[in-house]
Amino acid sequence: MIDIIEQKILNLSEELFDTLLKDRTTQKNICWATECYISHGKSYYPQEPILKDLITGFNTNIIHPRAAKISEDKARRTKDKAEVFTPSWICNEQNNLVDEAWFGRKDVFNISINNTWITNKSLIKFPDNKTWKNYIDSKRLEISCGEAPYLVSRYDTVTGKEIPLEERIGLLDRKLRIVNENTHNEEDWFFWTKRAYESIYGYEYQGDSLLLARENLFYTFIENMEYKFSHKPNEKQLKIIAKIISWNIWQMDGITMTVPFSERSREKKQLSIFENIIENDYLDKEPIPCKIYDWRANKSIEFRNIIKGGKDI
Ligand SMILES: C[S@@+](CC[C@H](N)C(=O)[O-])C[C@H]1O[C@@H](n2cnc3c(N)ncnc32)[C@H](O)[C@@H]1O
């Protein structure tokens, strides 16, 4: 089942669901930032926040992955926001190039062949000057991530076909494979899994795709725990991972590096209280620059400052 039902996450915990809807820069919820849902009413307009009541209960099953959207919606999204998702085999080839540069050799995780791949099943070996822990900590970013197919590959975003955990090719999937291969108890596993999540970033404009990306990373965690230890994570572990995801997979207009619709009209400000109260129509139109979190330095930073400084994240 590629389509995660939002109600299922809400049933796990309300706090968890709130976290997955949070915009860490504004401290409000992420917004729709797409016109695809306006037929459902004013609360679904692009500038409005995605609230849990709008996508659960009677409204459950409103948000679907692109592969399950109707073709009219797909065409509109392609026209409005250049939304065309990359097939998994292409994500895999590009991710293989990233790893080729890191490891200094080809075909580390799999061999790409005929628009698919054959997974290398033996333990991954590391170069003499690097350790598996260095690999977990090395940072990766998917720009304009959509449903984040370069980070996690629970399903092929084009065909919707599910991909079994051992065959996955995302940048985070690869890190989690390394954690699964190199840790032997739950405490170590969770420590390094958490660090893997802390080193993976992605941003997206449209709120529904962003939520799907977050859900995909969240379920990837649950699936890996079940794969490694044959049980589900506890609520504390789920909350820790959800918090990291809500920081690292964020809503941003990549052109302005600001929060979409954060420049919308706020309350009117009263500047003068003389005879006639003059209400000023001044509207705060400054868009808010997005903040992300540097987990190793333990502080938030404005994304645009990293770009200006030319430093890697
Ligand atoms: C071609 S799709 C790629 C999605 C995904 N990375 C993939 O490869 O399947 C482009 C994505 O960019 C997003 N996008 C368009 N304009 C954007 C902007 N100004 N800032 C951030 N994302 C944007 C769209 O919503 C869409 O999800």
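Which polar side-chain atom lies 2.7 Å from a nitrogen atom of the ligand? Glutamate 142's.

Okay, housekeeping. This is a predicted model, where local features need pLDDT of at least 70, side-chain atom pairs count only at pLDDT 80 or more, and totals for chains, interfaces and linings use all residues. Residues are numbered from 1 along each chain as its sequence is written, and side-chain values use heavy atoms, with hydrogens and water left out.

Back to the ligand. Threonine 86 puts a polar side-chain atom 2.5 Å from a ligand oxygen, and a polar backbone atom of tyrosine 205 is 3.5 Å from a ligand nitrogen. On its own the ligand exposes 600 Å², and the protein buries 84% of that (Shrake-Rupley, 1.4 Å probe).

Around the ligand there are 19 residues (a heavy atom within 4 Å), with Thr86, Glu142, Glu204, Gln206 and Gly254 the closest. That shell splits into ten nonpolar, five polar and four charged, and Gly goes in with the polar ones.

Now, salt bridges: a Lys or Arg side-chain nitrogen within 4 Å of an Asp or Glu carboxyl oxygen. The count comes to 20. One of them pairs lysine 52 with aspartate 18, closest N and O atoms 2.8 Å apart. Lysine 52 is in helix 3 (residues 52-55) and aspartate 18 in helix 2 (residues 14-20), so-called distant parts of the chain, 34 residues apart. Helices here are DSSP H or I runs of at least four residues.

Terms used. A polar contact is a pair of N or O atoms within 3.5 Å; within protein, one must be able to donate a hydrogen and the other to accept it, and residues adjacent in sequence count only if both atoms are side-chain atoms. Helices (H or I, at least four residues) and strands (E, at least two) are DSSP runs, numbered from the N terminus.
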